[in-house]
Each structure stands twice: as C-alpha cells, then as structure tokens.
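Colleague: I've just opened this one and I'm new to it. Could you walk me through it?

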Amino acid sequence: LGSDLLPFHYKGRSRGCTSDVFLMASDADSQNSFYCGLMLRIVSGPGRYQVASVLKYDGESKVAVIGKWRYDKSLFQLVLDQDDEDIPIVMPTSESNYEVEQVDPKSYRSI
C-alpha cells in the first residue's frame, strides 16, 4: 500500500477461522497480498478484543494466513491493568466482526 493510502481501514464479518487462517468477508479486496502487514482486530462476537497480523492473503479465496492471536494490549493494560498471558484465546467464528488496519505492532494501537 502506498503512503498516500494510509492509514488503511476495512471492516467486515468473518466467514470462519482456524488458529492460523482467517476467512475474510466476501467483499474483501481481490488483490493478492493486499492486507499483508496489517493488523486484524476482532471488534464484536467471539474473539472480541483479539488481534493478529496478516502474513499472507489470497485475494481470490479471501483467505488470510495470520500470526498468533493476541489480546489488544492497550485494552488490558488500560482497563484491567493486567497482562494478557493468563487470559485464554477465544477463536473467532462466522459471528465475529473485524477490522483490518495499520497499527503500531508494539502496542497494537491504531496509528
């Protein structure tokens, strides 16, 4: 993505998920690698407040290969004042809504 297009932001509803594959909405971009390097954030439904980086993206199938799911550190540090290491990951489902955006990978906060 060129710097004139950033910050980038896309919202959609998941079509399903495994630990390392995320099925993006049917209207997601059709260009291969389009979302690579961006952060996927679950905003509602199962997996809410979790984030994962997009490592690979196939535009034809709308399938993203993702990194390890983590909790949004800004939420847990600011609201719960605790580390996320002891909180179990909840796998997103087809009931989960998500955003894809450019973020600061150290804090998982939008930039």
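Colleague: What share of the accessible surface belongs to carbon and sulfur atoms?

Modeller: This is a predicted model, where local features need pLDDT of at least 70, side-chain atom pairs count only at pLDDT 80 or more, and totals for chains, interfaces and linings use all residues. Residues are numbered from 1 along each chain as its sequence is written, and side-chain values use heavy atoms, with hydrogens and water left out. The chain's accessible surface (Shrake-Rupley method, 1.4 Å probe, with only the protein chains shown counting as cover for residues) comes to about 6,300 Å². The carbon and sulfur share of that is 51%.

Colleague: And what percentage of the residues is buried?

Modeller: Buried here means under 20% relative accessible area, with exposed over 50% and partly exposed in between (1.4 Å probe, protein chains only). The chain has 111 residues.

Colleague: What pattern does the chain follow along the sequence?

Modeller: Helices (H or I, at least four residues) and strands (E, at least two) are DSSP runs, numbered from the N terminus. By that count there are 1 helix and 10 strands. In sequence order, that reads β-β-β-β-β-β-β-α-β-β-β.

Colleague: Which residue in strand 5 is the bridge partner of L40?

Modeller: Two strands pair if DSSP finds at least two bridges between them. Strand 4 (residues 39-44) and strand 5 (residues 50-58) have 3 bridges and are antiparallel. Their hairpin has 5 residues between the strands, with G45 at a positive phi near 85 degrees. L40 also stands opposite V100 in strand 8, while its partner in strand 5 is A52.

Colleague: How many bridges join strand 5 to strand 6?

Modeller: Strand 6 covers residues 63-66 and runs antiparallel to strand 5. K56 sits across from V65 there. The two strands form a hairpin with 4 residues between them, and K62 in the turn has a positive phi of about 65 degrees.

Colleague: Which residue in strand 7 does V51 stand opposite?

Modeller: Strand 7 (residues 70-71) is antiparallel to strand 5, with 2 bridges between them. The residue across from V51 is R70.

Colleague: Is S14 buried or exposed?

Modeller: S14 lies in the loop between strand 1 (9-13) and strand 2 (16-17). Contact means heavy atoms within 4.5 Å, and, leaving out residues up to four places away in sequence, S14 touches F22, L23, T93, S94, S96 and Y98. Because its relative accessibility is 3%, S14 counts as buried.

Colleague: Which backbone nitrogen does the side chain of S14 reach?

Modeller: A polar atom of the S14 side chain lies 3.3 Å from the backbone oxygen of T93. At 2.8 Å, the S14 side chain also reaches a backbone nitrogen, that of G16.

Definitions and conventions. Polar contact = N/O pair within 3.5 Å; in protein donor to acceptor, adjacent residues only side chain to side chain.
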